[in-house]
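Please open the structure in a viewer and keep the selection panel at hand.

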Amino acid sequence: MEFKELGKSGRKIPVLGLGTWGIGGFSTRHLGNDDDVRALRLGLDLEMRFIDTAEVYASGHSEEVVAKAVKSQRESVFIATKVSPENLHYDDVIKSCEASLKRLETSFIDLYQVHWPNRSIPVAETMKAMERLVAEGKIRHIGVSNFSVQQIREAQEALSKSTLASNQVEYSLVDRSIEEDLLPHAEKEHITVIAYSPIARGQISKGGRGERWQVLDEIASKYSKTKTQVALNWLITKKPVIAIPKAASLNHVRENAGAAGWQMGEVDHEALNQAFK
Ligand code: NAP
């Protein structure tokens with residue numbers, strides 16, 4: 001596995017992590033726990049030792065499944081979770097964090113992210129609570145998700161002692177909207193971009209008609225990789241970007257892990273840039 005620095009924190013994180021939307025159920029609890037735990041453990045064994053979850057996933061059950069998977073390996077796994085937009089008032093942030101810590105069975109969260117901005121709650125209030133959590137050792141780093149460049153600036157200005165470490169946003173070969181402003185801004189300000197839905201919710205593996213998919217197919221066969229592996233590799237080649245594909249199937253976990261540890265040539269990288277413009 002390769003590693004990148006999280007923001008300007010000095011902390012190294014793997015370029016591929018494990019998403020968990022659907023792990024533990026989609027909106028409510030389900031009973032497929034053991035399979036979900038097995039998939040996460042395999043991911044950890046394959047060095048994707050970054051798990052992204054959220055208080056809202058499966059009504060908190062996803063965090064409980066993460067706790068089960070991590071167990072005695074806590075110190076060597078980077079856990080990122082998120083506070084929901086309706087919980088961004090000062091007291092609610094503290095309460096949400098306490099509840100996540102309990103479900104995750106841990107005394108600290110590595111990266112605590114604001115899941116979505118909420119225009120009706122001043123970001124300064126939220127960030128004040130985040131800094132208190134850092135001071136208390138309950139969270140190590142502060143991140144956001146689905147923030148625009150302007151919202152990132154406002155969040156950073158509201159922080160007195162900390163630096164915003166990351167912004168989690170949708171980014172894949174088929175959704176490149178962040179390249180317009182968020183990506184260059186993140187690169188300039190050393191903010192890690194955590195790419196969600198990095199394989200377009202499984203659509204990349206299915207391919208499609210047209211020249212772009214032909215280019216992807218050709219590059220995949222040139223490197224003896226799958227389309228999904230090439231698409232993930234393309235993402236993590238971008239300087240500030242790490243990716244968090246979600247996979248409940250063990251074969252998918254193995255395939256995704258194989259997206260790191262090799263590099264495509266610049267010409268092929270550029271060919272993908274052009275084909276999926
Ligand atoms: P994704 O990772 O792009 O795709 C997940 C889907 O692709 C699942 O159906 C999975 O199937 C399938 N899959 C996984 N590996 C595959 C492979 N090698 N070949 C074919 N299909 C494969 O989409 P996502 O779950 O939306 O995004 C990833 C993570 O980002 C989430 O789990 C969540 O942690 C985070 N996220 C955050 C936000 C946010 O607002 N911050 C929004 C969306 C997602 P199986 O599960 O059956 O293996």
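Select Phe276 to begin: in this predicted model, its relative accessibility is 3%, below the 20% cut-off, so the residue counts as buried. A pair of aromatic rings is described by the distance of the centres and the angle of the planes. For Trp213 and Phe276 the centres lie 5.2 Å apart and the planes stand at 90 degrees, so the pair is edge-to-face. Trp213 belongs to helix H8 (residues 211–222), whereas Phe276 is in the segment after helix H11 (266–275); the two are 63 residues apart, and their pair links distant parts of the chain.

The whole structure holds four aromatic pairs. For another of them, select Phe50 and Phe78, whose rings are stacked at 5.0 Å centre to centre, with 15 degrees between the planes. Here too distant parts of the chain are linked: Phe50 is in strand S3 (residues 50–52) and Phe78 in strand S4 (residues 78–83), 28 residues apart. Phe50 and Phe78 are both buried.

Next, select Phe108 together with two arginines. Arg74 lies over the face of the Phe108 ring, 4.0 Å from the ring centre, and the charged end of Arg140 sits over the ring of Phe108 at 3.7 Å from its centre.

Finally, select helix H5 (residues 149–158), in which Val149, Gln151, Ile152 and Ala155 are the buried residues.

Notes:
Residues are numbered from 1 along each chain as its sequence is written. This is a predicted model: local features need pLDDT of at least 70, side-chain atom pairs count only at pLDDT 80 or more; totals for chains, interfaces and linings use all residues. Side-chain values use heavy atoms; hydrogens and water are left out. Buried means under 20% relative accessible area, exposed over 50%, partly exposed in between (1.4 Å probe, protein chains only). Helices (H or I, at least four residues) and strands (E, at least two) are DSSP runs, numbered from the N terminus. Rings of Phe, Tyr and Trp (its six-membered ring) pair if their centres lie within 6.5 Å; planes under 30 degrees apart count as stacked, over 60 as edge-to-face and the rest as tilted. A charge sits over a ring if NZ of Lys or CZ of Arg is within 6 Å of the ring centre and within 35 degrees of the ring normal.
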